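Please look over the sequence and the model shown below before turning to the report. It is arranged by chain, by interface and by local feature.

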Amino acid sequence: MTNNPVISVHNLVKKFGSFVANDNLTFEVYGGEIFGFLGANGAGKTTAIRILSGLSKPTSGEVLVAGYDAYHQTEKIKKNIGYMCQKFSLYEDLTVKENIILYGGIYGMSKSLIRSRLKDLLSRLKFEEYENRTISDLPLGLRQKLAFSVAVLHEPRIVFLDEPTGGVDPITRRQFWEMIYETAERGITVFVTTHYMDEAEYCDRVSIMNEGKIVALDTPGKLKKQYNAESVEEVFIKIARPYKN
Amino acid sequence: MQKVIESSGINKSFGSTKALNDISFDVNESDVFGFIGPDGAGKTTLFRIITTLLLPDDGELKILGIDSITHFKELRKNIGYMPGRFSLYQDLSVEENLNFYATVFGTSVQENYDLIADIYSHIEPFKKRLAGQLSGGMKQKLALSCALIHKPALLVLDEPTTGVDAVSRSEFWDMLAKLRKHKITILVSTPYMDEAMRCDRVALIQNGHILTVDEPQNIRDAFPRKLFAIRSASKYKLITTLRKFEWTNTAFPFGDSVHVTFTNDTAYNSVIEYLTKEGISDAAIEETKAGIEDRFLELMENGAKA
Amino acid sequence: MKRFLGFVKKEFLHIFRDYRTLFILFGIPAAQILIFGFAVSTDIKNAGVAFLDLSNDEITQKLTDKIVSSGFFKKTENLLNYNDIDVIFKKGKTKAVVVFEKDFGKKLVSDGKASLSIIADGSEPNTATLVTNYATAIISDFARENAGPSLNNSLRINPEIKMFYNPNLKSHFMFVPGVITMILILICALMTSVTITREKEFGTMEVLLVSPLRPIQIILGKVMPYFILSFINVLLILALSWFVFALPVKGSMALLLAESMLYILMSLTLGILISTVSSTMQQAIFISLIGLMLPTILLSGFIFPIENMPKIYDYVSMIMPPRYFIIIIKNIMIKGTGLLYIWKETLILIAMTIVFIGLSVRKFKIRLE
């Protein structure tokens, strides 16, 4: 873990009309860190992630991702990040191999690099037999793992994971997190949101959002001490109230 | 105590995929019975068979003493069903949704209001709001109210807490607990292992097989080995190193520690030494009680039935 | 560039793996060409012609034979008097009546000229124009052929052309009833098919199925509001036709409304049937709108007469409800007929409605698979 922030956010505000989705967010994320982004539905997490991944622009405040400015350099941001969302980013009617070649091409990787990463990926995940199977044929857990591998195929500086382990069995979930650990060891920063509170414990640091603001940010250990809680879930319940309708 | 559900040998296939394998279980009256398992385990398929929406390939299923296959029409009057995705009419208001379901089941909102009062009171201030504009937690409450409004003997809830934040999930289980006093039997499915502890009885299900059926405490207590929790600041290194230890049976990350079982009863004495040698100097070990998830993992690893 | 090509390759893969898209891409144009090629014709073939021969001599016989053997016409009946004309047009098979004046042959021989009338069914303006043109041409031909040395240099047979029902041959007499037919079936089928598949898509259908509601209740419950609203729609359309196009309703308004409501009911139940084979709204829309539209326009006899198409299209169009309703609506609006002439078509529509409801209830799955 280095000391240079790969994500640097100061007083980020995002408004939709008069509704303030992100209210003065300030935080930094460091290289190789696993950063957990928690909060109730409607707290503003998705809005913030969209801004960080270059998909939308802030209303005000300073936002730098991988050194690029979120207002004017969104294309550069996109080139340097990976993204895996809940609803799979893989094409169901294409095979494993075709998906990898496609994404490799989109990321601008050379043919030989794609080929070598493909081989690497298949052997690491023990996927060799699935190379020519379509995604729709794969069980959920495998799809998840593949989607993650594709998101980091081009070795980006940061990868954003939006609830990546929803509904998956406990063993696959853990295997997935081991992949995340491995990725972080390689120096890729992992920015992840999740509803599984025990997964929050796997993170180096965790932030909790509530009604557009960040109400807690620290390592899981320190948060538990601060709020006198046994688990991050307890911390969460203590401070994150459901979205007010 | 009468058995609300009696089932044995239920099988169901879709094409070449076997979704349910020889499912047998019983549910007692007034129980909160949980089906715990990940996506693809077969929970939704089983629930659809129970609510008579699907026919099993074979097996027997008696609900409220009635054969569910031949007498499904009667059963449908006595079952309240809340499928995944909440299935509310997005373009009708809260009030209108509730009134519709009450009417379709031949009752009125007033008649059984006491049953849903606790739940509905949270959303009553918004009764004119369109269902599509409610938050996840509110939709949950509305869907539950609609399923209960005709005072069914059996309430079937398919993953009601999925995709909802931890606070709402906890509230939801509080609401279910309060329903016990009305003698309604509740069948719930969920992928969240910790919710198993809030049920009277639980079936762990994976890949169409039931791994075990019992009270949650018994499932937990039946963990076959000693379980240890080892902590260290270098989480990933800890796991990989532990896996290389010669006496490690299983090692799974669990929040801020790693849950380990050993093949040798005395191995736990030497593991710290080993870890220190491998470069992890801050490891701490303590024996811990197994939780539902530990048991689930153990059952999955062994493919055993208990 | 590489990125771009990779993306293009993926798009090709999607297309070839999706049989539905392939069908749309290749199947529909092929179908269109075939339909347009054969259904659309500006010729006539075997158009029914009746003869009111007030003269009954050798010459009228010859002329009749010539017309009938031309291949464009086929004789339907020999009429006895003028009143028969209305009757025979109402029957529908006859497109034109040729009336020979009294002493046609004698006049032709002695004066070198005689008159006849060609009365065409103006409720189908396209056909009427074609028929009169062709008939006139045959008659002129006859005149030329027979202008031999025994008679004067030329024979003049003046066909007086009259349009029955639609004296000014207004084309919207053809269009408006046809458009009404098309719109009603498309919209009604679309509405009911979408409302059911929407419930399937949003998952509320599951809960309905587990409720005490029976399938027939669900189906009729869905049909009812649209039925009532469509009635208002029909009134609106008729009002518009009257005020904007001055299209009269020659026959009974009550009968017209009753038949319209029957047609609407049939269309609504057709929509229900479509919904039982569609699992998404998209599919339902595709089948109801796109699937029904072209056949309705081209094969129902709306614009192009069915008689002019190859026999197989005739058979295909027999299962198409619009074919029958067009006959009904034109008869009532333009020809002013009563139930007497359209009972067959009405019965067919009733039968279709019952079949659709029956099939829908049967196919309406009380379970999820």
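## Basis of the model

This is a predicted model, in which local features need pLDDT of at least 70 and side-chain atom pairs count only at pLDDT 80 or more, whereas totals for chains, interfaces and linings use all residues. Residues are numbered from 1 along each chain as its sequence is written, while chains are lettered from A and ligands numbered from 1 in the order in which they are written.

## Chain A and chain C as folds

Chain A has nine helices and ten strands, where helices (H or I, at least four residues) and strands (E, at least two) are DSSP runs numbered from the N terminus. The radius of gyration of chain A, 18 Å, is close to the 18 Å that the globule rule gives for 245 residues, so chain A is as compact as a globular protein of that length; the radius is taken over C-alpha atoms, and the rule is 2.2 Å times the number of residues to the power 0.38. Its C-alpha trace spans about 50 × 40 × 35 Å along the principal axes. Of the 245 residues of chain A, 46% count as buried, a residue being buried if 20 or more other C-beta atoms lie within 10 Å of its own, exposed if 12 or fewer, and partly exposed in between, with C-beta atoms placed from the backbone. Among contacts in chain A between residues at least 6 apart in sequence, 69% join residues at least 24 apart, a contact requiring that the two C-beta atoms, placed from the backbone, lie within 7 Å.

Chain C holds 14 helices and five strands. Its radius of gyration is 26 Å, well over the 21 Å that the globule rule gives for 369 residues, so chain C is more spread out than a compact globule. The C-alpha trace of chain C spans about 90 × 60 × 35 Å along its principal axes, and 38% of the 369 residues count as buried. For contacts in chain C between residues at least 6 apart in sequence, 78% join residues at least 24 apart.

## Interfaces of chain B

In the interface of chain B with chain A, 30 residues of chain B are in contact with 31 residues of chain A. The elements of chain B that give two or more residues to this side are helix 5 (136-148), helix 6 (166-179), helix 8 (235-244), strand 12 (248-254) and helix 10 (292-302). By class, the side of chain B that touches chain A divides into 16 nonpolar, nine polar and five charged residues, where Ala, Val, Leu, Ile, Met, Phe, Trp, Tyr, Cys and Pro count as nonpolar, Asp, Glu, Lys and Arg as charged, and the others, Gly among them, as polar.

In the interface of chain C with chain B, 13 residues of chain C are in contact with 19 residues of chain B. Helix 8 (residues 204-209) of chain C gives the most to the side of chain C that touches chain B, with four residues, and that side has seven nonpolar, three polar and three charged residues.

## Helix 4 of chain B

The buried residues of helix 4 (residues 113-120) of chain B are Ile116(B), Ile119(B) and Tyr120(B). Seen down the helix axis, these buried residues fall within an arc of 85°, so they line one face of helix 4 of chain B; the arc is that of the directions from the helix axis to the C-beta atoms. An α-helix has 3.6 residues a turn, so residues three or four places apart point the same way.

The buried residues of helix 4 of chain B pack against helix 5 and helix 6 of chain B, whereas the face turned away from the buried side carries the exposed residues Asp114(B) and Ala117(B).

## Helices 13 and 14 of chain C

The axes of helix 13 (residues 321-335) and helix 14 (residues 339-363) of chain C come within 9 Å and cross at roughly 145°; axes are lines fitted to C-alpha atoms, for helices over the stretch in contact, and angles run from 0 to 180 degrees between N-to-C directions. Residues of helix 13 of chain C that meet helix 14 of chain C include Tyr324(C), Phe325(C) and Ile328(C), and among their partners in helix 14 are Ile342(C), Glu345(C) and Leu349(C). The contact between the two helices has ten nonpolar, two polar and one charged residues.

## Single residues

Asp22(B), in strand 2 (residues 17-28) of chain B, has phi near 50°, a positive value in a residue other than glycine. Asn56(C), in the loop between strand 1 (47-53) and helix 3 (58-68) of chain C, has phi near 60°, again a positive value in a residue other than glycine.

Gly358(C) lies in helix 14 of chain C and is exposed, with 12 other C-beta atoms within 10 Å.
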